[in-house]
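Please take a moment to look at the model shown here, and keep one question in mind while reading. How can one tell which side of a helix faces inward and which faces outward?

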Amino acid sequence: MKRTGPTKKSTRLLHASLRKASAKSKSNALRVIAEEIFAPRRKRVTVGMWKLARMGKKHRGKWLVVPGKVIGNEAAGERLLVAALEFSAGARRQIARTGKAIALEELLREGVKPGEMVIVK
């Protein structure tokens, strides 16, 4: 069967812009994020708030990039900078209380350098 990729137009456009940005900056991090987003929905990453809180302590001040969905309703505890393809309502609310939760498109627009990112799977 032929692989068709995501049917959601915004995801396809994001994939293309991530590939273009990775070629421009010669960054493997952006290429890896693009490939993770291009995976079938059933194989996409789902990360809980507990893991983000743990990673946030380890990588203070860096953007935690989730090429999938952030779920959970636990308190973040520390200031987190999170960019993801999707957020659950509870996760977005908890992150926004102490930090910043943005979509991956906004991360590209802000021009965050790949060295300031940590990919969370």
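Predicted model: local features only at pLDDT ≥ 70, side-chain atom pairs only at ≥ 80, totals over all residues.

**Helix α1: length and end**
- Helix α1 covers residues 9-25, and at 1.5 Å a residue its 17 residues should span 24 Å, which agrees with the 24 Å that separate its end C-alpha atoms.
- Just after α1, the residue K26 takes a positive phi of about 55°.

- The buried residues of α1 are T11, L14, H15, L18 and S22, where buried means under 20% relative accessible area.
- Because these buried residues fall within an arc of 105° when α1 is seen down its axis, they line one face of the helix.
- On the other side of α1 one finds K9, L13, K20, A23 and K24, which are exposed.
- As for what the buried residues of α1 pack against, the partners are the helix α2 (28-38), the strand β3 (81-87) and the helix α5 (104-110).

- In helix α3, which runs over residues 49-58, the residues M49, L52, A53, M55 and G56 are buried.
- Seen down the axis of α3, its buried residues fall within an arc of 170°, and therefore they line one face of this helix.
- W50, K57 and K58 are exposed, and they lie on the other side of α3.
- The buried residues of α3 are covered by elements that include the strands β1 (45-48), β2 (63-71), β3 and β5 (117-119), together with the helix α4 (89-98).

How values were computed:
Residues numbered from 1 in each chain as written. Heavy atoms only, no water. Helix = DSSP H or I, 4+ residues; strand = E, 2+ residues; numbered from the N terminus. Expected span 1.5 Å × (residues − 1). Buried < 20%, exposed > 50% of the residue type's maximum accessible area, 1.4 Å probe, protein only. Arc of directions from axis to C-beta. Contact = heavy atoms within 4.5 Å.
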